[in-house]
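Could you walk me through this structure, one selection at a time? I have it open in a viewer and would like to know what to click on next.

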Amino acid sequence: MSPPTITPPRTDLAYLCCLNPACRTTLSVDRVAFACPECGDLLDVVYDWDRLPVPKRLSDFQAKWADRLEPLNFSGVWRFRELLPFAPPEQIVTIGEGQTLLQVADKVGQYVGMNPGRLRLQYEGMNPSGSFKDNGMTAAFTHARMVGAKRVACASTGNTSAALAVFCSATSFGFKAIIFIGSGKIAYGKLAQALDHGALTIQIVGDFDDAMHRVRQVADRLGIYLMNSVNPYRLEGQKTIMYRVLEALAWEPPDWIVVPGGNLGNSSAFGKAFIELKHLGLIDRVPRLAVINAAGAQTLEQLVGTHGMSWLDGLPDMKVADSYYMKLDEAGSKASTIASAIEINRPVNLKKCLRALDFCDGVVRQVSDQEIMDAKARVGAGGLGCEPASAASVAGAKRLREEGVIAPSESVVCILTGHQLKDPTATVAYHGTDQDNFEKVLGSRGVRRAGFANRPVIVPNDLDDIIRSIALYSESEG
Ligand SMILES: *Cc1c(COP(=O)(O)O)cnc(C)c1O
Ligand SMILES: [Zn+2]
């Protein structure tokens, strides 16, 4: 192995650094780079914390929460700006993202097998574009503005493109959105957003992994700014989801954070948030992290669970991943799950996620589409609704409870990543009475029963019949 590159000490307070410990190339934040120019590895935003003004206690952030008039304090991302200090405040692009909430959900907790008061749902569907992606977009758009980028692009299973489109349409810095999606793979609510907000929408024949591959090529060739979560600034914004969880718990870390895993940006960001908070002495206990794959897109679960892949101080054995991907290709295997937001086989942030799992004593599980849809129905009935991918967190928590990995008395936060109305097709197929539609949308994916279906009652257009069916329903309710 060649000796590590010696980089001169940097004078900037924030810069990019290659994740590879044998490389550690650094770059200034005024550069545009989505991979290390020396070795191609992922890049991290790092800070010279010793020279930065960091609050002494997390509770110091609390005062900003009530300040609704200053946009940077109103934002649920930027009121924590001392913990992501890569941008001059006057360059920050914000549309009021991160006004989200942590909800105690006892009915959902009962389904999962938790004691009362122990299960909480962090509802990121309240963001302007309806998913957690806005937390990352505000940071990446801020960086795009810093470097003078105008054309911004992403490949997307839907929510990244929705967030990108919203940030372009709702700001006046001349940003133009270009979106790559796989054919037939995007939920209607999300496609509707991309179109309605005026994004150039390029539908390629292929799936997300194909679209991701192409957008990187196009971004390279045309010098377009890339907004996928390989963009390290995205993850800086997404760290704040954890800050808000802590804030809602009066700065007392929960025992568990449970999050769905797709491209693994969120889990990576959460890990980085806790690594930094611990380093800064702002927390003394780190929550455990559970990352939940959907069966049908279970690369992380396979690599970590079956093939024993781990962080190894920054030198995970990537050959394990390469040979796994080769086998997928040989088998012509494509990601497939009703949870379209996590229908991803080649997670770009794999390495960073391994770091997060290592630091947070993490676990990885996969859950079936049946478990996801059932959990989603329980969330809808006992919490704020979510889309299928989000419900993987609740299904995963239930699995971990059943295995005894999570105790009923522990404090668990499941991240509801996206809004219920993102994917009405899945919801209506599950609850509806149209059996053909059920088969087409869910049955074809191995979902056999809609155990928690809330069926619409179909009655003739007759007052007596209507009254009778209401009486019948009220009786069955007891
Ligand atoms: C993007 C997305 C995910 C996956 O998050 P990653 O950071 O890619 O792992 C999960 N749920 C929803 C609703 C999403 O939009
Ligand atoms: Zn490198």
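Before the first stop, one term: a residue is called buried when its relative accessible area is under 20%, exposed when it is over 50%, and partly exposed in between. Also keep in mind that this is a predicted model.

**Stop 1: the zinc ion**

Select ligand 2, the zinc ion, together with Cys18, Cys23, Cys36 and Cys39. The SG atoms of these four cysteines are its protein donors, 2.3 Å from the ion. Look at the angles among the 4 donor atoms: they run from 97 to 115 degrees, and the site is tetrahedral. Along the sequence, the donor residues follow the spacing C-x4-C-x12-C-x2-C. Two of them, Cys18 and Cys39, link distant parts of the chain, being 21 residues apart. Cys18 belongs to strand E1 (residues 14–18), while Cys39 sits in the loop between strand E2 (26–28) and strand E3 (43–47).

**Stop 2: Arg24**

Now click on Arg24, in the loop between E1 and E2. Its relative accessibility is 36%, so Arg24 counts as partly exposed. Check the backbone here as well: Arg24 is not a glycine, yet its phi is positive, at about 55 degrees. Most residues other than glycine have a negative phi.

Another example is Asp361, also not a glycine, with a positive phi of about 45 degrees. To find Asp361, go to the loop between helix H12 (350–359) and strand E12 (363–367). Asp361 is partly exposed, with 47% relative accessibility.

**Stop 3: ligand 1**

Next, select ligand 1 and show what surrounds it. There are 16 residues around this ligand, and the closest are Lys133, Asn159, Gly262, Asn266 and Thr417.

- In the side chain of Asn159, an N or O atom is 2.7 Å from an oxygen atom of ligand 1.
- At Leu264, a backbone N or O atom lies 2.8 Å from an oxygen atom of ligand 1.
- At Thr417, a polar side-chain atom is 2.7 Å from a nitrogen atom of ligand 1.

How much of ligand 1 does the protein bury? Taken alone, ligand 1 exposes 390 Å², and the protein buries 97% of that.

**Stop 4**

Move to Thr157, in the loop between strand E6 (151–156) and helix H5 (159–170). Thr157 counts as buried, with 12% relative accessibility. Beyond residues up to four places away in sequence, Thr157 touches Lys185, Ile186, Lys190, Phe208, Ser340, Ala341 and Ile344.

One of those partners, Lys190, takes you to helix H6 (residues 188–196), where the buried residues are Gly189, Lys190, Leu191, Gln193 and Ala194. The cover over these buried residues includes H5, strand E7 (176–182), strand E8 (200–204) and helix H15 (424–431). Just after H6, look for Gly198, which has a positive phi of about 80 degrees.

**Stop 5: Asn231**

Select Asn231 in the loop between strand E9 (225–226) and helix H8 (232–248). Asn231 is buried, at 0% relative accessibility. A polar atom of the Asn231 side chain lies 2.9 Å from the backbone nitrogen of Tyr233. Apart from neighbours within four places in sequence, Asn231 is in contact with Phe34, Ala140, Tyr225 and Leu226.

**Stop 6: Val405 and Val413**

Finish with two valines. Val405 is in the loop between helix H14 (388–402) and strand E13 (412–416), and Val413 lies in strand E13. Val405 counts as partly exposed at 27% relative accessibility, while Val413 is buried at 0%.

Display the contacts of each, leaving aside neighbours within four places in sequence. For Val405 they are Trp256, Arg365, Leu400 and Glu410. For Val413, look for Leu102, Arg120, Gln122, Val245, Leu249, Pro254, Trp256, Ile257 and Val258.

Notes. Residues are numbered from 1 along each chain as its sequence is written. Chains are lettered from A and ligands numbered from 1 in the order in which they are written. This is a predicted model: local features need pLDDT of at least 70, side-chain atom pairs count only at pLDDT 80 or more; totals for chains, interfaces and linings use all residues. Side-chain values use heavy atoms; hydrogens and water are left out. Donors are N, O and S atoms within 2.8 Å of the metal (3.2 Å for Na, K and Ca); water is not among the atoms, so sites may look incomplete. Four donors count as tetrahedral if all angles lie between 85 and 135 degrees; four count as square planar and six as octahedral if opposite donors are over 155 degrees apart and all others between 65 and 115; anything else is irregular. Helices (H or I, at least four residues) and strands (E, at least two) are DSSP runs, numbered from the N terminus. A residue is near a molecule or strand if one of its heavy atoms lies within 4 Å of it. A polar contact is a pair of N or O atoms within 3.5 Å; within protein, one must be able to donate a hydrogen and the other to accept it, and residues adjacent in sequence count only if both atoms are side-chain atoms. Accessible areas come from the Shrake-Rupley method with a 1.4 Å probe; for residues, only the protein chains shown count as cover. Buried means under 20% relative accessible area, exposed over 50%, partly exposed in between (1.4 Å probe, protein chains only). Contact means heavy atoms within 4.5 Å.
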